[in-house]
Amino acid sequence: MAQRTRPHVTIPLGAAPPTNPSPSAHDPPLSPINLWADRRQTAYTPATYTPSYTPSSSTPPNPRISLDVPARPPSRASSAYESETTRISFPEPQLYRSSSQRSSRSSYRPASSIAALTHRTSRSESLLSPESIITPTQLSNGESRPPSFENTPETIIKDLSSELSDLTLDSEEGLRKFQSGELHDDDEEWYRLVPPEAREVLDRKEVQRQSILFEIVKSEKDYVADLELVKEVFVDPMINTLAIPQHRVKGFIQEVFFNIDNILAHHQRLLAALFARQREQHPLIQSLSDIVLDNSLLFRNDYEAYIKHYPLSEARHRSEMRRSQRYQYFLQQCSLDPRVRKRDLITFLSRPVTRLPRLLMLLENAKKYTEPDHPDMETIPLLIGILSDFIKSTQPGIAASEDKVRFWNLCESLVYQKGEIIDLDLYDESRSLRFQGPLSRRYRTNVDLHWADLHVALLDNYLLLLKPEARSSTVTKNHVVSRPIPLEYLRLGIFDGAPESRKEKAEEGSGILERVRSRYRPMYPFTVYHASSKMNRRYTLYAPSEELRKMWYDALVETIAIREIRYAGLGATYGSATHYTGRVNCATELSSGSHRFIAVACTSGVYMAIRGESSFRKVLSVPNPTCMVPLPAAGKFFVLHEGGLFCYSLDLVGRAALGFSTVQAVDGSKERIATDVVLFRAGRVGNRFMVLYAVKSFLQLWLYALEVISSADSINPRWSTSGVSTFRSFGEPLSIPKDTHNITVLSRRIVICSDKGILVADPANLSLSLKSTTLPDFSDADANLPMAGLRARCGSSKPLGIVRCPNSDELLVIYDELGCYVDKHGVPTRSSGYLRWETRAMSYAHRGDYLLLISPDFIEVRTVNTGKLVQVVEGADMRRIDIGLLSPDKDNTGSTLIAMKGKEDKGLVSDRIVELVETAELRTPRVSDVPGAWDEFDIL
């Protein structure tokens with residue numbers, strides 16, 4: 001094999017190795033969160049740079065992990081090596097060396113090293129040693145260089161080439177053992193692997209530089225071995241055991257270890273390149289910065305993702321430690337592996353967080369000992385700049401993750417009041433904790449005013465008033481003492497009130513005089529309240545300082561503003577009362593021919609306009625219509641006015657809206673259905689189009705059901721335009737409570753709502769179809785305390801209707817103040833829990849997965865399955881005006897028409913009609929998420 005060319009140097013004798021070549025010898029310990037630091041660890045057992053770790057023959061086998069937790073905890077940790085008499089001893093960590101696991105192996109020292117240790121230097125040799133050289137030799141021409149370079153460079157390189165090659169044979173063997181992990185801990189230093197003759201030729205500065213370059217390689221080898229250990233000792237056994245339940249072990253590993261495999265692959269390639277450079281240039285390495293620079297451009301994205309995710313990984317691990325005994329025992333078993341060396345999982349998880357700051361520190365030290373004309377003086381500053389900017393750029397991401405961890409800890413500590421179902425949407429990815437801190441509140445008792453210490457948390461959707469309870473030294477529970485206030489309802493009161501004095505209790509252990517003497521502390525009040533309950537839900541909170549009160553004010557104003565902007569917008573406006581007179585009683589959408597119309601009823605009649613236009617035309621001159629329903633399939637337009645229920649030709653109504661027909665022509669198509677009608681509903685029930693109407697009589701109401709017969713089903717086609725023969729009656733009418741206020745449809749049955757309860761009936765046979773007296777079914781309430789409490793709450797509320805939960809067999813019973821879930825038999829579910837609305841609802845609308853609760857001042861949009869508050873629309877004198885149409889649950893996907901108070905003009909107030917439609921939030925993608933966005937830019 002051809003001999004490599006070596007630098008030829010003059011070798012003075014007697015030079016000793018540097019006392020502390022490692023640049024990290026006196027560096028302070030660093031924190032994994034502070035990215036300018038690294039975490040010191042114990043001495044380590046290195047692995048090769050290949051993905052799998054191959055211990056030497058002397059390495060004891062890895063302990064078998066078993067999750068059979070003993071019934072009684074042992075007095076000491078059980079070992080997998082109980083059969084052996086000797087115990088594993090763990091050496092103390094080295095202060096200046098990076099650490100990782102080390103396999104058992106024989107100690108190797110080069111022969112030249114051993115000889116150097118026993119050689120007694122002469123006085124002349126000591127004078128030429130690196131320790132005795134304070135400054136380079138001054139030449140006559142003013143230049144300076146080490147005394148070992150006194151001769152001309154050409155002569156030196158020519159004379160000592162073969163001599164240095166012979167001296168480095170033992171050094172190459174030491175390098176091979178270093179890279180294969182066979183050296184003793186104390187021998188893994190540059191000066192241990194270099195012949196003394198080669199060291200003596202160098203000045204102190206170059207010795208330090210070579211030691212730092214060697215430390216870069218060594219720390220990289222340690223780092224790769226640690227990451228491989230994570231997979232072999234923690235991840236793979238976790239998959240093969242039952243430490244984590246099988247259904248969530250995959251997600252747990254992803255949350256805790258994240259993309260550590262990708263980082264390991266990057267550094268395995270980097271370590272292979274560093275080893276190759278070592279074998280090529282040892283013992284005097286010219287440069288490593290080019291290799292590190294090339295690889296740093298590849299692993300930036302993976303590091304950025306991991307570092308920002310690290311606080312979440314640590315929190316997920318600690319959370320599992322608190323709740324799972326099997327997970328604790330699993331980690332105890334993992335710690336028996338000798339390569340772990342008493343380090344916990346957090347230490348290994350923090351290794352990628354501290355690696356780049358550690359590498360940056362080594363590069364900065366290498367720069368200090370690099371000559372100005374060396375090529376590294378161009379590459380190292382560039383690499384330092386890249387790593388420094390990258391580390392600083394990850395700080396906001398870490399802060400955001402730490403905020404997320406604090407938010408998770410808060411969520412896990414919440415304790416709600418029993419019975420109420422509250423969905424705060426805490427696990428939405430966009431959820432965040434905006435501000436939190438201790439505040440106080442005063443409350444009155446029969447004797448005096450007392451102070452209560454609270455913990456108040458401001459989320460991006462709710463304000464929480466909590467009462468902390470310390471259950472142990474590490475566990476604190478926060479009881480929700482008042483119902484959370486949605487930010488849509490949160491209003492700010494006075495924030496500049498004068499401070500009030502709070503009497504402080506004497507501290508324990510204080511003297512008698514201190515206990516008698518009163519101590520007072522100023523407290524700074526501010527007020528917040530619920531917009532729908534301004535007096536009953538008004539809170540005066542006290543901050544301990546003026547600065548903290550100002551911080552609360554700024555946080556509240558900013559968070560409320562962001563919430564308002566996110567859900568701004570109401571819907572499409574159809575028109576104002578300038579086109580029709582009087583208060584809007586009802587409205588509906590209808591189709592006739594190829595046109596779609598909006599019909600509005602007020603005290604003077606019915607007006608219509610083409611959808612999207614504001615020019616209305618009068619089509620019916622009837623007094624005070626209160627309800628309208630079009631049935632395009634039957635060609636009918638039903639109108640209830642002054643107690644009479646009539647139907648008109650839908651085609652003529654549409655022609656009159658376009659100006660092709662007259663009001664008189666429309667009135668000529670009128671058919672009388674019934675008189676003394678209190679309310680009516682029309683629409684599709686099952687496969688039939690039906691008309692349901694309630695007629696009042698003495699002390700009660702009678703409910704009638706008619707089926708609409710189209711002209712194709714009639715024996716005589718003329719019946720479709722004259723008489724009531726176009727309707728077919730179903731049996732005898734049903735007697736219903738006189739306070740009935742709503743009728744809805746539920747699949748093939750109808751739901752009758754009254755102040756006394758809810759009835760379910762079959763419209764095909766009303767008199768014989770009464771299925772249940774009332775819903776929900778509280779027959780077991782006497783033996784069920786939660787159900788008894790729910791019965792009391794429902795008894796004091798007004799029922800509005802029933803809707804079916806999507807993709808479920810449950811039904812949601814809607815009251816004006818609350819809601820509860822029942823099964824198909826009417827029995828309450830979900831432990832007889834209930835939902836509470838933020839304001840009293842007057843009506844509701846069911847649209848797909850959402851429930852719209854409508855009150856005069858607010859409209860709440862909630863999910864049907866959980867009752868989660870999605871949006872709040874604020875207005876004045878709001879009411880639903882498109883009532884009357886019956887439609888199955890699966891067809892409840894259209895819009896909803898709302899009338900509200902409009903602007904005042906010349907002393908007159910007009911009504912405004914808006915349409916509520918479901919929308920989706922517009923999310924602008926980040927530039928980094930757009931493929932090819934940076935293709936034309938040279939990014940370092």
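This is a predicted model: local features need pLDDT of at least 70, side-chain atom pairs count only at pLDDT 80 or more; totals for chains, interfaces and linings use all residues.
**Rings and charges**

- Arg830 also has its charged end over a ring, that of Tyr821, at 3.6 Å from the centre.
- The structure holds twelve aromatic pairs; rings of Phe, Tyr and Trp (its six-membered ring) pair if their centres lie within 6.5 Å, and planes under 30 degrees apart count as stacked, over 60 as edge-to-face and the rest as tilted.
- One of these pairs is Phe299 with Tyr303, an edge-to-face arrangement with 5.1 Å from centre to centre and 65° between the planes.
- Phe299 and Tyr303 are four residues apart in helix H10 (residues 289–323), so about one helical turn separates them; helices (H or I, at least four residues) and strands (E, at least two) are DSSP runs, numbered from the N terminus.
- Both Phe299 and Tyr303 are buried, where buried means under 20% relative accessible area, exposed over 50% and partly exposed in between (1.4 Å probe, protein chains only).
- Phe495 and Phe526 make a stacked pair, because their ring centres are 4.8 Å apart and their planes are at 20°.
- Since Phe495 lies in the loop between strand E9 (490–492) and strand E10 (500–504) and Phe526 in strand E11 (residues 519–530), this pair ties together parts that are 31 residues apart in sequence.
- Phe495 and Phe526 are buried as well.
- Phe178, Phe214 and Phe275 form one aromatic cluster.

**Nonpolar cores**

- The largest nonpolar core has 74 residues, and Phe178, Trp190 and Tyr303 are among those with the most contacts inside it; such a core is a set of buried Ala, Val, Leu, Ile, Met, Phe, Trp, Tyr and Cys residues joined through side-chain atoms within 4.5 Å.
- Helix H7 (residues 204–240) supplies the largest share of this core, 15 residues.
- Beyond its neighbours within four places in sequence, Tyr303 is in contact (heavy atoms within 4.5 Å) with residues including Tyr223, His267, Arg355 and Phe390.
- A second, separate core has 21 residues, including Val456, Leu490, Trp552 and Ile560.

**Sheets**

- Four strands, in the order E14-E15-E16-E17, form an open sheet with antiparallel pairing; two strands pair if DSSP finds at least two bridges between them.
- Strand E14 (586–592) and strand E17 (617–620) stand at the edges with a single partner strand each, so one side of each has no neighbour in the sheet.
- Seven bridges join E14 to strand E15 (residues 595–602), and Ser591 has Arg596 of E15 as its bridge partner.
- Helix H18 (residues 650–658) lies across E14, E15, strand E16 (605–610) and E17, running at about 155° to E17; axes are lines fitted to C-alpha atoms, for helices over the stretch in contact, and angles run from 0 to 180 degrees between N-to-C directions.
- Another open sheet has three strands in the order E27-E28-E29, again with antiparallel pairing.
- Five bridges join E27 to strand E28 (residues 749–754), where Arg749 is the bridge partner of Leu746.

Methods:
Residues are numbered from 1 along each chain as its sequence is written. Side-chain values use heavy atoms; hydrogens and water are left out. A charge sits over a ring if NZ of Lys or CZ of Arg is within 6 Å of the ring centre and within 35 degrees of the ring normal.
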